[in-house]
Amino acid sequence: MALYNAKFSSFGSFAPKKVVNNFDLEKLVETSDEWIRTRTGMFERHYTSPDEAASDLATQAAIHAIESSSVKYKDIDLIVVGTVTGDHAFPSTACIVQKKLGLKDIPAFDVSAGCSGFLYSIDVARNYVENGTMKNVLVIGVDILTKITNWTDRNTCVLFGDGAGATIVSRAGKNEISHIIDSAIFSDGSQGDLLYQAAGGSRMPASHETVDKNLHTVYMEGNKIFKNAIRSMFASTDEILRRNKMEAKDVDWIIPHQANLRIIEALAEKLHVPMNKVIVNIEKYGNTSSGTIPIATDEAIRTKKIRRGDIILLTAFGAGLTWGSVLARY
Ligand SMILES: CC(C)(COP(=O)(O)OP(=O)(O)OC[C@H]1O[C@@H](n2cnc3c(N)ncnc32)[C@H](O)[C@@H]1OP(=O)(O)O)[C@@H](O)C(=O)NCCC(=O)NCCS
């Protein structure tokens, strides 16, 4: 039972400096700007430098979100980070961000849900805020997929970029219109082998052989993921709208995970929503996994597309398989 409403206080984002475009990738594998643009909608992406890790990007995005809000550092009660490319297997990236922000004596943990990590983390934060346990939860989505990319595989290496986005999920005042209306998350572990990183965990620890065979990089059956993505994002958006007695036409902005422009267009078509109500920035960032939705939302707020009071619908899918949606009045 919800005692309080939760709301998005603010968003922030951060992308590393280095920008790599399709023409740069033409020099790496047998591909073309034309193929990448028409099959994915991507043109540029940001890459981290060798000395940058997930917590560095996450901390910058967090500072951006905190300083865009009226929430003070000392008022943050919990840090949740959605990531599959954390600094280390342990400790969690959330704990490293906590140290970097100088926040003491609060809990911090990571959520592993592939590209759905940010939405899963919002679901966790929302529940803590609604049940009264926490007042302000810092939620971050960050991934550095370029550090687990197989640079000889043209099927995957052109798709990924690095980035982080953050939001603060806060208790909403009684008369505030801004609130998270609902969130819905799902998974299907039976399809986990369509998208995974084989080595480096307890199933297949690192060895010379795993490195030689490129088993520490992303394995993806792109075509099957493509079909699943459209089906699952439609299913969760449809479910969350239906159970809140709303229709897609009631939504001001759809902010989907940015994995492929064709997936986003197919989703919009199934929802009968025109593309001018869908936030797309895939051409500038590629797929930053857990970073895509908060980066796109932050940009849309800063460019004054999304305004206070707008109904927003966030939707994602990813490794697991996982998927989900968040419906909110911003
Ligand atoms: C990966 C993806 C872009 C591939 O697009 P696609 O239209 O499905 O393409 P296919 O995999 O059917 O491949 C078509 C052809 O293009 C080729 N191709 C693949 N990558 C290429 C590249 N970078 N440049 C040029 N050709 C490429 C393939 O080898 C294949 O050639 P073939 O017909 O001679 O065998 C698409 O499947 C996709 O976006 N999938 C979902 C990815 C995703 O969401 N991942 C993250 C989940 S969070």
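Analyst: Happy to; here are the terms, each set against its cut-off. This is a predicted model, where local features need pLDDT of at least 70, side-chain atom pairs count only at pLDDT 80 or more, and totals for chains, interfaces and linings use all residues. Residues are numbered from 1 along each chain as its sequence is written.

User: Thanks! Why is Ile 144 called buried?

Analyst: A residue is buried if 20 or more other C-beta atoms lie within 10 Å of its own, exposed if 12 or fewer, and partly exposed in between, with C-beta atoms placed from the backbone. Ile 144 has 29 other C-beta atoms within 10 Å, so Ile 144 counts as buried. Ile 144 is found in strand β6 (residues 136–144); strands are DSSP runs of E with at least two residues, and helices are runs of H or I with at least four, numbered from the N terminus.

User: Which residues is Ile 144 in contact with, leaving aside neighbours within four places in sequence?

Analyst: They are Thr 48, Ala 53, Ala 54, Thr 85 and Asp 162. Contact here asks for C-beta atoms, placed from the backbone, within 7 Å.

User: What makes β6 and β7 a pair?

Analyst: Two strands pair if DSSP finds at least two bridges between them. Nine bridges join β6 to β7 (residues 162–172), so they pair, and they run antiparallel. For example, Asn 136 stands opposite Ser 170 in β7.

User: What is the strand order in the open sheet?

Analyst: The order is β1-β7-β6-β4-β5, with mixed pairing. The edge strands are β1 (5–14) and β5 (108–111), each pairing on one side only.

User: How do you know that the length of helix α5 agrees with its residue count?

Analyst: The expected span is 1.5 Å times one less than the number of residues. For the 14 residues of α5 (residues 117–130) that should give 20 Å, and the end C-alpha atoms are 20 Å apart, which agrees. Twelve of the 14 residues are buried, among them Phe 118 and Tyr 128.

User: Why is helix α8 called oblique to helix α9?

Analyst: Their axes, lines fitted to C-alpha atoms over the stretch in contact, are compared by N-to-C direction from 0 to 180 degrees. Angles under 35 degrees count as roughly parallel, over 145 as roughly antiparallel, 65 to 115 as roughly perpendicular and the rest as oblique. The axes of α8 (residues 222–243) and α9 (residues 261–271) come within 10 Å and cross at roughly 40°. That makes α8 oblique to α9.

Key. Contact = placed C-beta atoms within 7 Å.
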